[in-house]
Amino acid sequence: RHYHGTLRIVLGKSLTYFMIYVIMSVYMLCLVPKMFSLVQIAQAGTLFAFVLPYILACIFFAMTCSIFIHHRESCLMIYVFTSVPLLFISGISWPGAAVPTFWKVFSWIFPSTFGINGFVRINNMGATLPEVLVEYQALWIQAIVYFFTTCIVYRRQIILSRRHAMERLRMFRLRKLVAKTSR
């Protein structure tokens, strides 16, 4: 019964992840550059406004994809094997003009593509939020779409777990009845 309300579960889990990732983002985007005297052109407000939809899009994307992952160890393997290809098709480490159209369009599925491109333009080129409006809007669209897909996926999981619980309860009652009648 405590699983009633898909929205409560999705919002609760995502808020927990959000708090963790905001702390990590502040550390990685603000403290690390200061500690190592790295050049950082970005305004703090612009950077935070851009990172907000990126974090939300990543959280909801990962929660949506979690339906396909059955073992916790698999996440690390998926991360290792997808990080380099995603970096290449984002157009940062490989010339964007050399990336085939199919792979460019395919890369739009992942929040990292818009996050990387927008962050580099903000942090290294001094872009403002209106100058990265395409990436910013794409991240908000991804956050909203992946929020809804997460709700759908979690609702399906709740329905399946209820169905399995009811089947186990029926089997338990049936065994109890058989044991009682065989005495």
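A: The part to look at is helix α3, which has a kink of about 35° at Thr82, shortly before the proline Pro85. The model is a predicted one. Helix α3 spans residues 72-89 and has 18 residues. From its first C-alpha to its last, α3 reaches 26 Å, close to the 26 Å expected at 1.5 Å a residue. Just after α3 comes Gly91, with a positive phi of about 95°.

Ser74 counts as partly exposed because its relative accessible area is 26%, which lies between the 20% limit for buried and the 50% limit for exposed. Ser74 and Met171 are 97 residues apart in sequence, and their C-alpha atoms are 32 Å apart in space.

Helix α3 also takes part in the largest pocket. That pocket has a volume of about 2,000 Å³. It is lined by 45 residues, and the closest to its centre are Tyr21, Cys58, Phe61, Ala62 and Tyr79. At least two lining residues come from each of α1, α2, α3, α5 and α6. The largest share, 10 residues, is supplied by α2. Sorted by class, the lining has 33 nonpolar residues, 10 polar ones and two charged ones.

Helix α1, another contributor to this lining, is bent as well: the angle is about 30°, at Tyr27. Helix α1 covers residues 6-35, which makes 30 residues. Its reach from first C-alpha to last is 42 Å, close to the 44 Å expected at 1.5 Å a residue. The buried residues of α1 are Thr6, Val10, Ser14, Phe18, Ser25, Leu29, Val32 and Pro33. They pack against α2 (44-65), α5 (111-125) and α6 (133-181).

Thr6 belongs to α1. Thr6 counts as buried because its relative accessibility is 11%, and the limit for buried is under 20%. Leaving aside neighbours within four places in sequence, Thr6 is in contact with Cys151, Tyr154, Arg155 and Ile158.

At the other end, α1 is followed by Ser37. Ser37 is found in the loop between α1 and α2. The phi of Ser37 is near 55°, a positive value in a residue other than glycine. With a relative accessible area of 65%, Ser37 is exposed.

Helix α6 holds Phe147. Phe147 is buried, since its relative accessible area is 17%. Not counting residues up to four places away in sequence, Phe147 touches Leu7, Val10, Leu11 and Phe60. Val10 is also one of the buried residues of α1. Between Phe147 and Thr64 there are 83 residues in sequence but 8.1 Å in space, C-alpha to C-alpha.

Helix α5 holds Asn123. Asn123 counts as buried because its relative accessibility is 9%. With residues up to four places away in sequence not counted, Asn123 touches Val39, Gln40, Ile41 and Ala42. Asn123 and Pro111 are 12 residues apart in sequence and 18 Å apart in space, C-alpha to C-alpha.

Definitions and conventions. Residues numbered from 1 in each chain as written. Predicted model: local features only at pLDDT ≥ 70, side-chain atom pairs only at ≥ 80, totals over all residues. Heavy atoms only, no water. Helix = DSSP H or I, 4+ residues; strand = E, 2+ residues; numbered from the N terminus. Expected span 1.5 Å × (residues − 1). Bend = angle between axes of the 7 residues up to and from the residue. Buried < 20%, exposed > 50% of the residue type's maximum accessible area, 1.4 Å probe, protein only. Contact = heavy atoms within 4.5 Å. 1 Å grid on protein atoms, 1.4 Å probe; cavity = no way out; pocket = protein on both sides within 12 Å on 5 of 7 lines; lining within 4 Å. Points joined across faces, edges and corners; volume = space filled by probe spheres on them. Nonpolar A, V, L, I, M, F, W, Y, C, P; charged D, E, K, R; others polar.
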